[in-house]
Amino acid sequence: MLKAPQETLPPTGLLKVLGDPTRLRILGLLALQELSVGELSRALGLSQSRVSNHLRVLRETPLLAERRVGSSVFLALGVEAGDGSLAGRLWSALEGEIAALDEHERDLSRLRRVLSERRDRGPEFFDRVAGDWDTIGTDFASGQARQRAVAQLVDPGLVVADLGCGTGYVARALLGVAAKVIAVDASEGMLEEARRNLELAPAGTQVELRRGELDALPIADGEVDGAIAGMVMHHLPSLDSALSEMRRILRPGGTAVVLDLEPHREAWLHDTLGDRHLGLEPSAVVKAMERAGFEDVRVEALDDRYRPRHPEQGSHTADLPLFLVRGRAPRGHVAP
Ligand SMILES: C[S@@+](CC[C@H](N)C(=O)[O-])C[C@H]1O[C@@H](n2cnc3c(N)ncnc32)[C@H](O)[C@@H]1O
């Protein structure tokens, strides 16, 4: 939730705050887009310490609103033009003047670049959407895909890693099946949601949440019997380092499962769900798993579809086929 402080400054204080062109540029950008401090600094072309000094001043007013997700802070304009408050009225009077500021055009073009870079800035993007993920990002037609992914590891009593766990969609299906689930994600916001969703873990399944990247997993060599990467590989620049990490953490003979989308053309998923690739070729995943040293690598077609709904075109729902690839870590495997 966005929080803004009460109106505490006297009118002259507010005028002084608004009398600085950099602070007006900050408010102009935040009126267009919620941004992290890093993103805001890049959009302004200024150092973070300089921007932080201005934010300290703005924090004394209701003009700035902040939203915290884990250790990330997102900033937005705290007033609406015409909301009746003095700050709102002053902002209405000044809003139209922002376009006349020297740096305005450059700010807008840097902001466009920052927004287009967002999808490559994994954890920050996912921190932002974590609270809404179960509404926007877990629209599976039947749920069969995760059941089949989990079924590859049917043996009860296993230690299983859910890699790129998000809000815990896959991990939830492991509760009551696995002895222990180690759920890993790079986004603290997602881990917070997963913690909430997995809190009621049935007795018998121990759940551990660990923050980390797929290409440097916070899991020891051979620590797990099985590992599932559900709907995460299409976020990565390349599969190779994540798959060799998956092999490293598996005990000899352990099973790796990759569940993902087949190639598709729903380009809006770049922006709404942070997808880097529009699906993956199953054969490319097979080859990458073989390169990583997995044996007995097989593709399985799934009777399930991924159906996210377009956020603006409510009537448009994607209908995307899913696939699953599984492979076995060599039995005589010694972690590389
Ligand atoms: C599409 S969500 C999938 C979540 C969950 N597995 C599911 O099936 O609903 C992708 C998740 O992968 C995480 N992620 C993306 N890139 C990552 C990386 N390099 N390392 C660790 N986690 C990553 C994101 O934070 C996000 O929570």
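Here are some worked exercises on the predicted model shown above.

**Exercise 1. Get an overview of the fold**

Task: How many helices and strands does the protein have, and what does its C-alpha trace span along the principal axes?

Solution: 
- Start with the secondary structure: there are 14 helices and ten strands in the protein.
- Next, take the extent of the C-alpha trace, which is about 75 × 40 × 40 Å along the principal axes.
- Then look at burial: 54% of the 336 residues count as buried.
- Finish with the contacts between residues at least 6 apart in sequence: 72% of them join residues at least 24 apart.

**Exercise 2. Classify a helix pair**

Task: Work out whether helices α2 and α4 are roughly parallel or roughly perpendicular to each other.

Solution: 
- Two packed helices are described by the angle between their axes and the distance between the axes.
- Locate the elements: α2 covers residues 21-32 and α4 covers residues 48-58.
- The two axes come within 10 Å, and their crossing angle is roughly 85°.
- The range for roughly perpendicular is 65 to 115 degrees, so α2 and α4 are roughly perpendicular to each other.
- Now list who meets whom. From α2 come Thr 22, Arg 23, Ile 26 and Leu 27, and from α4 come Arg 50, Val 51, His 54, Leu 55, Val 57 and Leu 58.
- Sorted by class, this contact has six nonpolar, two polar and two charged residues.

**Exercise 3. Follow an aromatic cluster**

Task: Which residues form one aromatic cluster with Phe 140?

Solution: 
- A pair of aromatic rings is described by the distance of the centres and the angle of the planes.
- The count for the model is three aromatic pairs.
- One of them is Phe 140 with Tyr 169: the centres are 4.7 Å apart and the planes are at 15°, a stacked arrangement.
- This pair links distant parts of the chain, with Phe 140 in the loop between α8 (133-136) and α9 (144-151) and Tyr 169 in helix α10 (residues 169-174), 29 residues apart.
- Phe 140 and Tyr 169 are both buried.
- Phe 140 also pairs with Tyr 306; here the centres are 5.0 Å apart and the planes are at 45°, so this pair is tilted.
- Tyr 306 belongs to strand β9 (residues 295-306), and 166 residues separate it from Phe 140.
- Like Phe 140, Tyr 306 is buried.
- Put together, Phe 140, Tyr 169 and Tyr 306 form one aromatic cluster.

**Exercise 4. Look at positive phi values**

Task: What is the phi of Met 231, and what is that of Asp 296?

Solution: 
- Most residues other than glycine have a negative phi.
- Met 231 has a positive phi, near 60°, and sits in the loop between β7 (224-230) and α12 (240-249).
- Met 231 has 14% relative accessibility and therefore counts as buried.
- Asp 296 also has a positive phi, about 55°, but lies in strand β9.
- Its relative accessibility is 30%, so Asp 296 counts as partly exposed.
- For a glycine case, turn to Gly 45, which follows α3 and has a positive phi near 70°.
- Helix α3 (residues 37-44) has seven of its eight residues buried, among them Val 37, Leu 40 and Leu 44.

How values were computed
Residues are numbered from 1 along each chain as its sequence is written. This is a predicted model: local features need pLDDT of at least 70, side-chain atom pairs count only at pLDDT 80 or more; totals for chains, interfaces and linings use all residues. Side-chain values use heavy atoms; hydrogens and water are left out. Axes are lines fitted to C-alpha atoms, for helices over the stretch in contact, and angles run from 0 to 180 degrees between N-to-C directions. Helices (H or I, at least four residues) and strands (E, at least two) are DSSP runs, numbered from the N terminus. Angles under 35 degrees count as roughly parallel, over 145 as roughly antiparallel, 65 to 115 as roughly perpendicular and the rest as oblique. Contact means heavy atoms within 4.5 Å. Ala, Val, Leu, Ile, Met, Phe, Trp, Tyr, Cys and Pro count as nonpolar, Asp, Glu, Lys and Arg as charged, and the others, Gly among them, as polar. Rings of Phe, Tyr and Trp (its six-membered ring) pair if their centres lie within 6.5 Å; planes under 30 degrees apart count as stacked, over 60 as edge-to-face and the rest as tilted. Buried means under 20% relative accessible area, exposed over 50%, partly exposed in between (1.4 Å probe, protein chains only).
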